[in-house]
Structure formats: structure tokens, C-alpha cells
Amino acid sequence: MNLARLLAVVRKELVQLARDRLTFAMIVGIPTLQLLLFGFAINLDIRHLPAAVLDQADTARSRELVAELASSQVLDFRYRAALPQQLEELMRRGRISAAVVIPPDFEARFEQADRPAWQVIVDGSDQSVQAAARQLATFPLASLDYGGAASRPGAAAVPGVEIVNFYNPQRRAPVNTVPGLIGVILAMTMVIFTAMAIVRERERGNMEMLIATPLSPFELTLGKVLPYVGIGLVQVSLILLLGWFVFGVPVRGSLFDVYLVALLYIGAMLMLGVFISTLARSQFQAMQMAFFTFLPQILLSGFMFPYEGMPVAAQWLAEIFPLTHFLRLIRGIMLREAGIGELWPEMAALAAFIVVMLAIAVRRFRKTLD
Amino acid sequence: MNATPAPATLPREEVIVARGLTRRFGDLVAVDSLDLDVRRAEVYGFLGPNGCGKSTTIRMLCGLLAPSAGEVRVLGHALPRDAEAVKRSIGYMTQKFSLYDDLSVRENLEFLAAVHGLRGENARRRLDSLYERYRLDDLRPRLAGTLSGGQKQRLALAAAVLHEPELLLLDEPTSAVDPQSRRDFWDSLFDLAEAGTTLVVSTHYMDEAERCHRLAILDRGRLVADGSPQALMANLPGATFRVDCAEPRRMQQALSALPHVLGVAQIGASLRVLTDRRDDGSWLDSQVRAVETEARVEPTSPNLEDVFVAATRTRPAAPHRDTERTA
């Protein structure tokens with residue numbers, strides 16, 4: 001390790017980065033675009049679900065309930081059914097994703113409160129609809145299965161209705177998404193940038209010249225990776241700022257902790273990128289492999305689907321991914337005001353990931369030079 | 001083009017000594033039991049067609065590739081064990097331009113100066129002298145990717161000699177430049193040799209090979225001939241003749257089929273014939289007249305191409321170096 005040589009590589013890399021407009025645009029563009037995309041477009045608050053209503057009671061109270069449901073905007077009543085079979089038909093054809101059933105003895109059930117008074121049927125084949133319906137179902141009012149629709153695979157009756165949240169449609173707002181987005185964006189940009197930057201050197205033939213100089217592979221890799229630590233921190237700041245100004249996402253815990261955790265996570269992502277660079281022969285391959293690591297992380301880490309809802313095997317797999325641990329850390333710090341001390345196992349997991357990746361990369365690096 | 005005679009006053013110290021140097025890639029034997037001796041301040045050439053093992057040999061001599069078998073000492077260091085020590089005192093100019101296209105001439109050289117441990121005033125002085133010697137002064141702010149072939153080559157040479165290496169290895173350095181740039185480039189190489197640098201150059205140009213002090217002809221990974229270009233031509237195991245005839249294409253076909261004829265090449269209206277019989281041409285004369293009665297045969301002096309053809313064509317019949325080793 002020679003500091004002068006290391007700095008020479010860092011300086012060179014920065015000059016090249018400043019000159020590479022595309023990468024530069026990606027550094028700022030990807031976080032901005034993703035934040036706005038996830039914040040606005042991919043809103044997990046599902047609203048205006050096409051729905052039908054079957055009001056067999058037809059009392060003043062039942063009509064009131066239907067009107068209330070309609071005004072919540074979660075369900076959009078497009079059909080009025082007279083028979084349960086009609087609901088089944090509509091759902092099978094994909095005309096509706098949900099249905100509300102009010103039984104003839106609605107009033108009696110409501111008074112006695114021994115059985116669910118009414119029922120929501122959802123199209124269980126759509127994960128996001130199911131999730132939305134679960135949101136509605138915090139109240140354990142109705143747990144009654146609805147005949148054929150419930151017993152058929154792909155369709156499940158969801159118990160009860162969450163009434164309170166009808167009037168708070170912003171429940172799963174960007175507040176939850178933005179902290180996770182920091183992790184997702186870094187997982188995407190850091191891995192791709194580093195893997196490609198290192199592979200580029202080999203692909204363009206620069207490596208062949210460099211090997212004949214006293215520059216060691218370790219100095220070269222470290223020098224190339226260091227500028228990206230800075231870039232990662234810039235991206236974190238950008239997302240935090242945009243999250244605050246555009247969506248009003250707060251940082252409830254310590255800002256220092258946020259950066260400390262981000263730094264550790266950036267280290268893990270960079271090491272993953274270095275590891276990929278030892279496998280890939282071309283920049284294109286590096287990009288493909290980076291995506292290969294990116295997708296399972298985004299799906300299993302708990303960013304998109306709740307960790308608790310996944311099968312045990314998927315949970316074990318998720319424990320390997322740095323994003324899983326980072327999400328727990330950043331959500332804890334930003335939203336629950338947790339301290340790093342309380343979350344140390346997650347920090348340890350990230351550190352372990354870095355050490356393992358580094359060890360593998362160093363071993364592989366020697367081989368690829370021959 | 002005449003080769004400059006090897007400087008006789010300098011000590012005949014061996015800079016590269018290789019014995020049985022071999023490199024395999026899977027089943028392919030890229031370099032097969034090569035023996036080499038390269039002396040200080042000489043320009044040593046590797047001549048051979050593409051795929052003959054020139055680049056692989058040069059990479060092994062740089063410490064970039066580990067040999068599969070054999071021993072090699074470069075500047076007194078055993079490779080691949082002391083590769084790091086060797087890297088401090090060698091320069092390597094790659095076949096493909098390998099500096100950074102998106103850095104300027106100046107940024108490229110400053111980066112390499114820092115990599116080689118040159119700092120401050122030393123670095124500045126060294127770079128200034130390189131800008132001047134390789135006519136890069138006006139090109140300093142230009143991005144390397146925008147330079148012409150000749151300019152890139154001068155930059156690559158400046159980069160390779162930046163740390164004043166004792167040994168400079170060049171892998172087909174002139175494949176992408178015009179004839180004038182090639183001449184200038186070779187002048188630069190002789191300047192370096194005069195200053196005491198040892199040069200190993202691979203090429204597939206005969207005129208370039210002829211300018212080397214000594215030469216190794218490689219064919220399919222094997223050394224098939226070596227020595228000074230003059231000695232190689234003088235010791236050609238055969239003779240060359242010029243054949244003037246009316247129908248050169250027909251004559252060429254007829255002669256090519258004969259035993260003892262190693263090569264027939266059409267030069268303008270006449271044919272140049274290489275045989276493995278060292279006689280006055282009476283044998284060829286009789287063969288030629290059998291095809292065309294009016295044709296005339298005249299002896300000519302052999303050139304390096306004849307040596308190359310003879311060396312690569314006769315290999316199965318006269319593998320003298322190989323039999324020595326396997327016996």
C-alpha cells in the first residue's frame with residue numbers, strides 16, 4: 001500500500017468521473033427519478049379498487065355503511081348485485097377486485113356482535129389488492145368465509161373492515177417508503193458504478209498497461225472505489241433533502257446515525273460491486289450481474305413486501321442481503337427514533353458482509369490478473 | 001533499410017535469459033520451449049505471423065503472465081517470483097493503445113508519473129523532457145482519445161519510458177501508424193538503445209525486423225531461427241532465384257508443386273523462387289524450361305522474407321533445435 005499511488009488513482013478517477021456526463025447524470029438522476037416514481041406513482045395506498053356491493057339487508061344502516069365505504073375512495077362501487085353468484089361472476093371476469101356483502105340479518109348481527117356483521121371479498125390473486133385489503137382489516141369484525149369465492153384458490157375472504165383508516169388514506173405514505181428508498185437507490189447505483197468502473201479498466205485494455213507498473217491491484221481497486229463513497233453520501237443527502245421538501249419525510253433520530261449507517265451500507269454495496277467486477281468480463285456482464293443481485297434484494301428485503309409475511313426460507317435468504325439490515329436500521333433511526341446501540345446486530349451483519357465480500361474479492365483478484 | 005550494427009563497446013551483459021519457456025492456455029501451446037538470450041542495449045526483434053506467440057512471450061517477460069514451464073530471468077530477477085521488482089525497471093508498450101482515452105495527454109502522463117513514484121520537481125522535469133522529445137508539447141491539453149495514430153503512439157512510448165526503464169518491451173508498436181510515423185518511431189527506439197536501454201520489439205513487418213540487431217523468428221509458439229538479420233540471410237538453408245517468364249501465374253502453379261521449392265512469389269512480371277538446394281540454379285533452370293522454354297533463371301541475393309519462409313516452411317523436415325532437446 002502506497003498512499004501516493006492510491007491518491008493518484010483517486011485523482012484520475014475523479015477527473016474521469018467529472019468528464020463522464022452520463023455517469024454524472026445518473027448519480028443525480030437516478031435518486032431523483034426513483035424518489036418521485038416511488039413517492040408518487042407507485043403508491044401502495046391502493047384506492048379506487050373496482051368493487052361491487054350486495055346489500056341483502058337494505059336497511060338505513062346498511063345503506064349508510066355503503067355510502068361511507070364509497071366516500072372513502074378505497075372502493076369504487078361500479079356494480080350492484082342482487083345475488084351472490086353475480087359477485088363471483090364479476091370477480092372471475094376481472095371486472096371487480098373487491099366486493100362488499102351485507103347479509104339479510106345484518107341488523108341482528110350488528111346488535112348481537114357475536115358474528116361478523118358484514119364482509120369484504122377481495123381478489124386474492126393480486127398481491128397488492130390483498131395487501132390493501134389487509135390494511136382495511138385491522139378490525140376483527142368479520143371472519144366469516146364467504147361461500148364459494150373464499151374456498152376457491154386465488155380468492156380469499158378478508159375478515160373485517162378497518163374503519164378508522166378510511167379517513168386517513170395517507171396511511172402508507174412516502175414516510176415509510178423514502179428511508180427504504182435510500183437503501184434501494186444505493187443498492188442499484190453503487191454496485192453498478194463500481195463493478196462497471198473496474199471492469200471498464202480491463203475491457204479497454206488499461207489494466208494490461210497498469211499491471212506492468214508498480215501499482216498493485218489492491219491500490220487500484222481501493223482508489224477506484226473511494227470516490228464512490230463520496231458519491232454515495234451525496235446521494236443519501238439528495239434523497240433526504242428531496243424526501244423532506246417534497247414529501248415531508250422527517251428524520252426523527254440522529255442525523256449522524258443516519259450517515260454512519262449509510263456509510264456502512266455503502267461499504268457493503270461497494271464490496272459487492274468489487275466482487276462482481278472479479279466475475280464479469282465486460283461492462284455489460286457487470287451490469288447484468290448487478291441487476292441479478294438487485295432484484296432479490298428489492299423483493300425480499302422488506303422494501304416491497306413485509307418481511308413477516310414471507311416464508312421462512314425467503315426470510316433466511318433475506319438475512320444475507322445488506323438491504324434487509326439497512327432497512328431495519330434506517331427505518332428504526334428515521335421513523336422510530338431508535339439509537340444505533342439498540343440496532344447493533346444489524347450493524348454487525350453489514351460489517352460481516354463487507355468482510356466476507358472483501359475476502360472473496362481479494363482472492364479472486366489475484367487469479368484474474370494471471 | 002540497413003540495420004545499425006550492435007554497439008560493440010558496451011558490456012555484453014544478458015538482460016533476458018529464458019530456457020524452455022512455455023505457456024499453455026488449456027490445450028493450446030501458445031509458447032513452446034523457448035530459449036532466449038537478449039543482451040544489454042540491443043534491439044531484439046520477434047518476427048512471426050499473428051498467433052505465433054509473440055504477445056504471449058512479451059507478456060511473460062513483463063511478469064504479466066506466469067509461464068507454464070521453463071525458467072526466465074529478466075534483469076537478474078527470476079520470474080514470476082520477482083515480478084514486482086522487475087516491474088520497476090521495465091517499460092511495456094501494449095499492442096492496443098492502453099492509456100486513458102478520456103484523460104488528456106498531460107493527465108495521463110501525470111497519473112503514470114505518480115504511479116511510478118515521481119514527485120514534484122522531478123516529475124515536472126521528466127515530463128517536460130518527454131513532451132519535448134516526443135513532440136507532445138502542443139498536445140498536452142488534448143484528450144488522448146482524440147489523437148491520431150502516430151500521436152497516440154508517441155504518447156504511449158513516452159508513457160512506457162517515463163520511469164527510464166532499463167528494458168523496454170514493445171508489442172507490435174507500429175501496427176496502427178503510417179510509414180513516416182513508423183520511421184520516426186524506429187529512430188526514437190535507436191535513440192533509446194544508444195542511451196543503454198534494451199529493447200524487445202515484436203513485429204510482422206520484414207523491414208522493421210531487418211533493422212533489429214538480433215532477431216528471433218517464431219512460428220506456432222516455437223523459435224525456428226535466431227541471430228542477426230545479416231547472419232540469418234547469409235546462412236539461409238537454400239537459394240533464391242528470379243524467374244522471368246511469359247506466364248508467371250502458370251509458372252508459379254507449376255513450381256509450387258515441386259519438391260525442393262519452398263516458396264514462389266510474384267514480384268511484378270517476374271517470380272521470386274526459394275529452393276532448399278544451395279546450387280547455382282541449374283536444377284531450377286531445368287524445371288523451369290520444362291514449363292516454358294523461353295523462361296530465364298537468375299540467382300538473386302536472399303532477403304529476410306526468404307529466411308522467414310524457409311524457417312517456417314522447413315520446420316517439419318529440420319527441427320534441429322527441438323531434436324536436440326528431446327533427444
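Visitor: Which residue in S7(B) is the bridge partner of Ile90(B)?

Guide: That's Leu167(B). Bear in mind as we go that the model is predicted.

Visitor: What makes S6(B) and S7(B) a pair?

Guide: Two strands count as paired if DSSP finds at least two bridges between them. S6(B) and S7(B), residues 167–171, share four bridges, in the parallel sense, so they qualify as a pair.

Visitor: Where do they sit in the sheet, and why is S6(B) called an edge strand?

Guide: The sheet is open, with six strands of chain B in the order S6-S7-S8-S3-S9-S10 and mixed pairing. S6 (90–93) pairs on one side only, and S10 does too, which is what makes them the edge strands. Neighbouring strands here are turned by 15 degrees against each other on average, ignoring direction.

Visitor: Now the helices. Why are H3(B) and H5(B) called roughly parallel?

Guide: H3(B), residues 105–115, and H5(B), residues 149–161, pack at an angle of about 20 degrees. Angles under 35 degrees count as roughly parallel, and therefore H3(B) and H5(B) get that label. Their axes are 10 Å apart, and the crossing is right-handed.

Visitor: What makes the contact between them, by class?

Guide: From H3(B) come Val105(B), Asn108(B), Leu109(B) and Leu112(B), and from H5(B) come Leu155(B), Ala158(B) and Ala159(B). By class that contact has six nonpolar residues, one polar and no charged ones.

Visitor: How is chain B divided into domains, and how many residues touch across the boundary?

Guide: Domain 1 covers 14–233 and domain 2 covers 235–326. Their C-alpha centres lie 35 Å apart, yet 14 residues of domain 1 are in contact with 13 of domain 2. On the domain 1 side, H7 (206–211), S9 (214–219), S10 (222–227) and H8 (229–234) each supply at least two residues. H8(B) gives the most, with four. By class, the domain 1 side has 11 nonpolar, one polar and two charged residues.

Definitions and conventions: Residues are numbered from 1 along each chain as its sequence is written. Chains are lettered from A and ligands numbered from 1 in the order in which they are written. This is a predicted model: local features need pLDDT of at least 70, side-chain atom pairs count only at pLDDT 80 or more; totals for chains, interfaces and linings use all residues. Axes are lines fitted to C-alpha atoms, for helices over the stretch in contact, and angles run from 0 to 180 degrees between N-to-C directions. Angles under 35 degrees count as roughly parallel, over 145 as roughly antiparallel, 65 to 115 as roughly perpendicular and the rest as oblique. A crossing is left-handed if the near helix is turned anticlockwise from the far one by less than a right angle, and right-handed if clockwise. Two residues are in contact if their C-beta atoms, placed from the backbone, lie within 7 Å. Ala, Val, Leu, Ile, Met, Phe, Trp, Tyr, Cys and Pro count as nonpolar, Asp, Glu, Lys and Arg as charged, and the others, Gly among them, as polar. Domain bounds come from an automatic or database domain assignment.
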